[in-house]
Amino acid sequence: MFHAKIKSETLKGVVDVVSTLVDEAKFNIFSDGIELKAVDPAHVAMVDMKVEKSAFEEFSADETELGIDLDKIKEVLRLSRAGDIIEMEQDEAKNRLVLHVGNITRRMNLVDTAGMSDPKVPNLSLPAKLSVTSDELQKGIRAAESVSDHIALNATPDGFEMYSEGDTDSVSLKLPKDLLISLEVTEKVKSLFPLDYFSNMVRSIPAGSVVTINLGSDFPVKLEFEIADKRGNVNYLLAPRIESD
Amino acid sequence: MYGQSSSTFDNHVRSLSTAGALEVPAGSPCVICKGSKNLCGKDRCPLMIKFYSRSRSRNLIDSLDLAGMSPPGIFVGRFGYPKVDIGPLVPPMMGDTSLMDTPEMWVGRSIDEIVDFRFNLVRGKYRIDATDFQKYGRIVDHTRDLALSNDPTEVEAKFQKRPSGRLILDDEVQPFGPSARLQNLEIGNPRYDRRVEKAFYDTDLRATEAVKALYQEGVLISKIQKAFSVGAFGVDKRRRFVPTRWSITAVDDILGKDLLRTTKRNPTIEDWRVYDWEMLDNRWCILLMPTTWRYELIEAWYPNTTWNPLGQQIEIISSHEFYEGRKDYAEIGGCYYAARLAVNELLMAEGRQAGAVIFREAHPGYVMPVGVWNVRENVRAALKTAPHSFETLSTALQHVVSRMDISLERWISSSAVLTDMMTQRRIDDYV
């Protein structure tokens, strides 16, 4: 059983974070909130999200699973304005999700979750940890986009650098320690990532958020941030590129 | 690539200008242009002219009248679109000529054989506005009837001049023989394919839906494409003639994309597979990978092949897409879509998903272009053979290299999909 009311902008934040990586997703519903784990089709990136019950205006649920086509939720969001409340209700008999916005009622078939197993979350111990605003990350991505299709994330005890090298040009955004919110790095680390993934993931982070970056050398990067007015948190994982020679 | 330095381009044009001595320098645009885009700036492709001068000129018919069994075949030109030449393809012979315009039946035949029977097809030409074809009357109606007909149909053509004898070659369209402007056209009773006829009379059915439905009912792609090119499908007012060359790729693209909607959701295959194939001095390896959908076609043109006639080195070109597909037209042309369809037919039949990389080496025996069917039908044929199965990517690639002349390093550096496989780690690698 699942029945909830949520602000449209909160729901949009949740959907954006997930739809960056997948078109359909399995939401695990509990009595105290919702959780989701998903990897993108190429198995390069992962999202691990938890949203508390208190992020909703109203929330009552028993443990269940909802397979949702995220494009359909986006269609409903397009019908709503900021501040609108969206009511969601599981119709167990017909295996549907029913959404109400104002006087509009949208009934959508749920996606079969039988083939959607929860991906295993890698247990990584990443030596470097730092926090930065998502706006700074955006800036670094914009700088890199015209230069290359990959981006290196470097951290040293003195600061953080986003570096991109193309065939002819290179670009770097250096953030010394005092421009970072926090920095816990004992030795230099560096990993290389596909820029399109990194860019799409960062773009779905709410503007003005603080992002905690966990980094190693030739290891996945973990991005942690909060959504839904700090009542939800998201971990993104992105696997590195290894330049073999 | 071409156009990066102006000196390469100048050299290219200069060398093409030297009468009699055609030379295609390294990095020339020929392998991309394939005689279709005039990238060198000349009015006509010098390589094509060379092919034409080589092809035997002969007078098939002495009179202005030609009677024969059309396979049935038609051709819609593309130059000057929407003002294009349309008309039938007619051989000067009776009997069952259906082979002549059914590329699905050509796998295993030699270039000489194919060129020989295609050369017998005389093209009648009649200029129309492709977007406003209704007003042109009988010749247009008869051409449409032919395209929709199931069996070879008797055709009597009256020409304005004697058909001039030369073979028309194109990288995407199968070759055909001499042509002349039509004075008049009469045809016997066409027998429509009932399935095609139904789509023809359904003026509310969108063209893409018609193409998909006919394919699912088992109509041959070459038949669907012919009907597509005479504007037999689509919403009434939007129907138009479509140049043959464009219609081939349109049908391959529509069908490939449609299959992908299903195959992209299937579970992946379990092993690394390589399918080997060789035909018309083209060597093929099709690598299927136990990954989600991604696809690349890599063509290596040897010196002395069609698009690399006097080059000193092998030219390699490729186009690819990842899971999300691609929006712009593939650099290497219609063959990309033809092969993509063939791969997805296999995945559909198996209920599986896979990543695919197609390696094609065109060796010097491949002297002239014979059309996109060559790629579609040969990839289909290759995928009907029993594949070699491997445990890892590297052992699969070892097999590919053992069958091909080009080194592994060169294949990988030419391939976006393989480069990604080699460099990009997966989340699963860390679980």
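# Notebook: chains A and B

I began with helix α4 (residues 195-203) of chain A, which lies across β11 and β15 of chain A and runs at about 90 degrees to β15(A). I keep in mind that this is a predicted model.

I looked up the strands next. Four of them form an open sheet in chain A, in the order β13-β12-β11-β15, with antiparallel pairing. Which strands stand at the edges? I found β13 (170-176) and β15 (189-194) of chain A there. Each has a single partner strand, so one side of each is left without a neighbour in the sheet. On average, neighbouring strands of this sheet are turned by 15 degrees against each other, direction ignored.

I then followed one pair. Strand β12 (residues 159-165) of chain A joins β13(A) in the antiparallel sense over 7 bridges. There A:Glu165 stands opposite A:Ser170 in β13(A). Helix α3 (residues 134-145) of chain A packs on this sheet too. It touches β11 (150-156), β12 and β13 of chain A, and its direction makes about 165 degrees with that of β13(A).

**Entry: strand β1 of chain A**

Strands of a sheet pair through backbone hydrogen bonds, either parallel or antiparallel. Which sense does β1(A) take with β5 (residues 58-61) of chain A? They run antiparallel, joined by 4 bridges. The bridge partner of A:His3 in β5(A) is A:Ser60. Strand β7 (residues 85-91) of chain A also runs antiparallel to β1(A), with 5 bridges between them. A:Lys5 stands opposite A:Glu87 in β7(A).

I checked the two faces of β1(A), residues 2-7. In a regular strand the side chains alternate between the two faces of the sheet. The covered face has A:Phe2, A:Ala4 and A:Ile6. The uncovered one has A:His3, A:Lys5 and A:Lys7.

**Entry: chain A as a whole**

I stepped back for the overall figures. Chain A has 4 helices and 18 strands. Its C-alpha atoms fill a box of roughly 55 × 35 × 30 Å along the principal axes. For 245 residues, a compact globule would have a radius of gyration near 18 Å; chain A has 19 Å, which agrees. I noted that 38% of the 245 residues of chain A count as buried. Among contacts in chain A between residues at least 6 apart in sequence, 68% join residues at least 24 apart.

The domain assignment gives chain A a domain 1 (2-109) and a domain 2 (128-238). Their centres, taken over C-alpha atoms, are separated by 28 Å. I looked at where they touch: 17 residues of domain 1 of chain A are in contact with 17 residues of domain 2 of chain A. On the domain 1 side, α1 (8-19) and β4 (45-52) of chain A are the elements that give two or more residues. The largest share, 8 residues, comes from β4(A). By class, that side has 9 nonpolar, 4 polar and 4 charged residues.

**Entry: chain B against chain A**

How many residues of chain B are in contact with chain A? I read 13 residues of chain B, against 18 residues of chain A. The chain B side has 6 nonpolar, 3 polar and 4 charged residues.

**Entry: the sheet and helices of chain B**

I turned to a sheet in chain B. Its 6 strands form an open sheet in the order β10-β9-β11-β8-β7-β12, with mixed pairing. The edges are β10 (315-321) and β12 (388-390) of chain B, each with a single partner strand, so one side of each is left without a neighbour in the sheet. β7(B) and β12(B) pair in the antiparallel sense over 3 bridges. B:Trp272 stands opposite B:Phe390 in β12(B). Helix α10(B) lies across β9 (294-301), β10 and β11 of chain B, at about 130 degrees to β9(B).

Is helix α11 (residues 373-382) of chain B enclosed or open? I found 9 of its 10 residues buried, so α11(B) is largely enclosed by the rest of the structure. Among the buried ones are B:Trp373, B:Val375 and B:Arg380. What covers them includes α9 (244-263), β7 (272-279), β8 (282-289), α10 (335-350) and β11 (355-362) of chain B.

**Entry: B:Pro364**

Last, I looked up B:Pro364, in the loop between β11 and α11 of chain B. B:Pro364 has 14 C-beta neighbours inside 10 Å, so it counts as partly exposed. B:Leu259 is 105 residues from B:Pro364 in sequence and 34 Å away in space, C-alpha to C-alpha.

Key. Residues are numbered from 1 along each chain as its sequence is written. Chains are lettered from A and ligands numbered from 1 in the order in which they are written. This is a predicted model: local features need pLDDT of at least 70, side-chain atom pairs count only at pLDDT 80 or more; totals for chains, interfaces and linings use all residues. Two residues are in contact if their C-beta atoms, placed from the backbone, lie within 7 Å. Ala, Val, Leu, Ile, Met, Phe, Trp, Tyr, Cys and Pro count as nonpolar, Asp, Glu, Lys and Arg as charged, and the others, Gly among them, as polar. A residue is buried if 20 or more other C-beta atoms lie within 10 Å of its own, exposed if 12 or fewer, and partly exposed in between; C-beta atoms are placed from the backbone. Two strands pair if DSSP finds at least two bridges between them. Axes are lines fitted to C-alpha atoms, for helices over the stretch in contact, and angles run from 0 to 180 degrees between N-to-C directions. Domain bounds come from an automatic or database domain assignment. The radius of gyration is taken over C-alpha atoms; the globule rule is 2.2 Å times the number of residues to the power 0.38.
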